[in-house]
Amino acid sequence: MRLGPRTVRQIDSPIGTAYALLDQRAGDRELLDLAQAVPRYPAADPVIEHIVATARDAHGGDYVEIAGLARLREAFAAELRQAYRGQVHEDQVVITAGCNQAFCLVVSALAEPGDEVVLALPYYFNHDMWLRLNGIVPTYLEPGPDLVPTAEAVESVITPRTRAIVLITPGNPSGATIGPAGITAFAEVARRHGIALILDETYRSFRDTDEPAHPLFTDPDWSRTLVSLHSFSKDLAIPGYRVGAIVAAPELNREVMKLLDCVAICAPRIGQEAAWAGLVTAHEWRRARARDIADKRRWFTAAMADRPGGFELLSCGGFFGWVRHPFAGRATDDVVRELVVAHDTLVIPGTAFLPDDRGAVRVSLSNVDRAALTDFAGRLREAGAGAEAGIGAGQ
Ligand SMILES: Cc1ncc(COP(=O)(O)O)c(C=O)c1O
């Protein structure tokens, strides 16, 4: 049997690679796991009760229509209308098996091998991987100094082969959040070039404001340009139920459904039921969880304020902090390995999110409590002691 070279050339999941490092741990100190971004609490009680009832229902295991449960699509469209004070119709919503699948289906419906898609740096590794797996060329948009990408800079990376611009806000891995005016400016550029603006809004509920993340849905013509992608994984603490959504023009959704039919027939019903129950019953619960994450961002920012061990917090938002390590000139993968082996601390190297090494790591705040965040700063201090003394530091 011969394997397809395009797939063989791709990297393995960086999350799996990071957790494999744990085998090299020498000490027996408690592990601080700031690697994967997953909620560490169970779903809301009414969601769990609805899942149990669905499992007992004679039809609870049936397929649903390809686009997803009608009542979930309606409930989600209603939530978006309210959250964005805009216009979203259930015909514009397709439920997918998570936001990753949403991205893959949309890109496959928009682009052919040889086409280009713009990713803002640092990118979410699965976006880059999916493009490359399909022979689509990722082109990279450098962010500004605050790690926020700008529409002015994107013009120079758009070519006649460009099919879409992809933005994640709040960002994974940087946490950087693009403001409403910035997002609007990107939509204008995309519209002018006749390409899609794909917004991955996985972390929209984990911002420091309840104001709409952007005004694009108030434009009756939004679906000519915007493709808005969503995840219920973090919002409802159901990552393993695999449920997300595409919000886009019915013409694009029709193409997406051809792909969805082939890969999954429909998103898992049990996940869709959980998402529906979450949308209609867990509003206050969701707000409380978002406040918990906001607390973690504040504690983390405070713990990093004096640059422990020379580690510098460059940006923080959503579930993440993006931190520059002090070992200039040393491979970040090596620094991350040492953090695991010698300091029992797991983060993801920034190289998983970039085409090159920029001396940064991603810290996920969702998995740990306040004490662990303080402990983390202490371990960075310990790890950086050598760097502050000039050991391992480059120019
Ligand atoms: C930016 C971004 N998009 C998509 C996903 C995947 O979400 P889902 O679990 O809904 O597939 C994640 C999860 O970490 C993410 O960070």
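F300 is found in helix α11, where helices (H or I, at least four residues) and strands (E, at least two) are DSSP runs numbered from the N terminus. This is a predicted model, in which local features need pLDDT of at least 70 and side-chain atom pairs count only at pLDDT 80 or more, while totals for chains, interfaces and linings use all residues. Residues are numbered from 1 along each chain as its sequence is written.

**Surroundings of F300**

- F300 counts as buried because it has 25 C-beta neighbours inside 10 Å; a residue is buried if 20 or more other C-beta atoms lie within 10 Å of its own, exposed if 12 or fewer, and partly exposed in between, with C-beta atoms placed from the backbone.
- Leaving aside neighbours within four places in sequence, F300 is in contact with C316, G321, L365 and L373, contact being defined by C-beta atoms, placed from the backbone, that lie within 7 Å.
- F300 and L373 are 73 residues apart along the chain, yet their C-alpha atoms are separated by 6.0 Å.

- Four strands form an open sheet with antiparallel pairing in the order β9-β10-β13-β12, where two strands pair if DSSP finds at least two bridges between them.
- The edge strands of this sheet are β9 and β12 (348–349), each of which pairs on one side only.
- Helix α11 lies across β9 and β10 and runs at about 170 degrees to β9; axes are lines fitted to C-alpha atoms, for helices over the stretch in contact, and angles run from 0 to 180 degrees between N-to-C directions.
- Five bridges join β9 to β10 in antiparallel fashion, with G317 standing opposite F320 in β10, and in the hairpin of these strands, which has two residues between them, G318 takes a positive phi near 55 degrees.
- Strand β10 is mostly covered, since four of its five residues are buried, and five bridges join β10 to the antiparallel β13, where the bridge partner of G321 is V363.
- Two bridges join β12 to strand β13 (residues 360–364), again antiparallel, and the partner of I348 in β13 is R362.

**The seven-stranded sheet**

- A second open sheet has seven strands in the order β2-β8-β7-β6-β5-β3-β4, with mixed pairing, and its edge strands are β2 (93–96) and β4 (137–141).
- Strand β2 is joined by four bridges to strand β8 (residues 244–247), the two running antiparallel, and V93 stands opposite V247 in β8.

**Domains and their contact**

- The chain is divided into domain 1 (5–42 + 285–394) and domain 2 (45–282), with bounds that come from an automatic or database domain assignment.
- The centres of the two domains, taken over C-alpha atoms, are separated by 26 Å, and the contact takes 30 residues from domain 1 and 29 residues from domain 2.
- On the side of domain 1 that touches domain 2, α1 (5–9), α11 (283–304), β9 (312–317) and β10 (320–324) each supply at least two residues, and α11 gives the most, with five residues.
- By class, this side of domain 1 has 20 nonpolar, seven polar and three charged residues; Ala, Val, Leu, Ile, Met, Phe, Trp, Tyr, Cys and Pro count as nonpolar, Asp, Glu, Lys and Arg as charged, and the others, Gly among them, as polar.

**The ligand shell**

- The ligand is surrounded by 13 residues, the closest being G98, C99, N172, S231 and S233, where a residue is near a molecule if its C-beta atom, placed from the backbone, lies within 6 Å of it.
- The residues of this shell divide into five nonpolar, seven polar and one charged.

Conventions:
Contact = placed C-beta atoms within 7 Å.
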